[in-house]
Amino acid sequence: MNLKDVQRLLDAKVLAGEQYLDRQIETCCGSDMMSDVLAFTKRNTLLCTGLTNMQVVRTADMTELGAIVFVRSKTPDSEIVEAAAEDMLPVLVTEYTMFEACGILYGAGISGCSKRGKKK
Amino acid sequence: MSENKSVKLAFDCAGGDFERAGEASAKIKKMLQRLGIPADCVRRIAIGTYEAEMNVIIHAGGGNVAAEVFPDATVITVSDHGPGIPDINKALQEGWSTAPDYVRQMGFGAGMGLPNMQKCSDEFDIQSKVGEGTVIVMKFKHQSEDL
């Protein structure tokens, strides 16, 4: 699915990267631990997180994530959104909690990043 | 890049400067992309460098992140001013961390940094002396191999 599908499924607001919503997403990671994101994600993974500091965008840049979804309506400061926009990284915000957002996306066909989490 | 020449880039990092943490790695990544290094390789170098840079900012009073790009490989050297690691074998175990709570609240300190640097790089060396500091050298061959 692409990020437009993600936006629709999560009824999400787009804060940055509206022009990149055609980007295809196959894997998702739900985490507030950037250490885990660095260790376990694949290129173009969608990150669902409740952490809103600058290190989320830096981690996304290093690991080449496909987009960030901030859960539970957590909204990052404008400088963080601007940094993401510079990195061509879409930023979305959803009212759903981490568990709900990940469950919706998994149910809609997005895989996890581990071998066991890969959808058939 | 001619056969025997290399391109170098180095940055000083201030300990505890979380606002700027990752800037050195981001600049090194951009340089590698400009030099046409394979994308999968750039990603491995970026992750390994960022892990090491974060360690300097979290644990040390400051340090230096340096990249030297050769035609066939990139060498990243990250050195800091201490406090040094008393037991390197323990520090290399996944999940072992001495990071304080405020660092964990920022999303780091899961004890994955050093093991991830090993996983990303083709050659990894760490030397540390308590009271003096730590030096990490990672070599990444320029071949396409995604994680």
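Helices here are DSSP runs of H or I with at least four residues, strands are runs of E with at least two, and both are numbered from the N terminus. This is a predicted model, where local features need pLDDT of at least 70, side-chain atom pairs count only at pLDDT 80 or more, and totals for chains, interfaces and linings use all residues. Residues are numbered from 1 along each chain as its sequence is written, while chains are lettered from A and ligands numbered from 1 in the order in which they are written.

**Helix α1 of chain B**

- Helix α1(B) covers residues 23-34, twelve residues in all. From first C-alpha to last it reaches 17 Å, close to the expected 16 Å, a figure that comes from 1.5 Å times one less than the number of residues.
- Its buried residues are B:Ala24, B:Ser25, B:Ile28, B:Lys29 and B:Leu32. Buried means that 20 or more other C-beta atoms lie within 10 Å of a residue's own, exposed means 12 or fewer, and partly exposed is in between, with C-beta atoms placed from the backbone.
- Looking down the axis of α1(B), you'd find those buried residues within an arc of 135°, so they line one face of the helix. That arc is taken from the directions from the helix axis to the C-beta atoms.
- An α-helix has 3.6 residues a turn, so residues three or four places apart point the same way.
- On the face turned away from the buried side sit the exposed residues B:Gln33 and B:Arg34.
- The cover over the buried residues of α1(B) includes α3 (54-63) of chain A, plus β1 (7-14), α2 (39-59), β2 (62-69) and β3 (73-80) of chain B.
- After α1(B) comes B:Gly36, with a positive phi near 80°.

**Chain A as a whole**

- Chain A has five helices and five strands, and they run α-β-β-α-β-α-β-α-β-α along the sequence.
- The C-alpha atoms of chain A fill a box of roughly 40 × 30 × 25 Å along the principal axes.
- Of the 120 residues in chain A, 49% are buried.

**Where the chains touch**

- Chain A brings 17 residues to the contact and chain B brings 20; two residues are in contact if their C-beta atoms, placed from the backbone, lie within 7 Å.
- On chain A's side, the elements giving two or more residues are α2 (34-40) and α3. The largest share, six residues, comes from α3(A).
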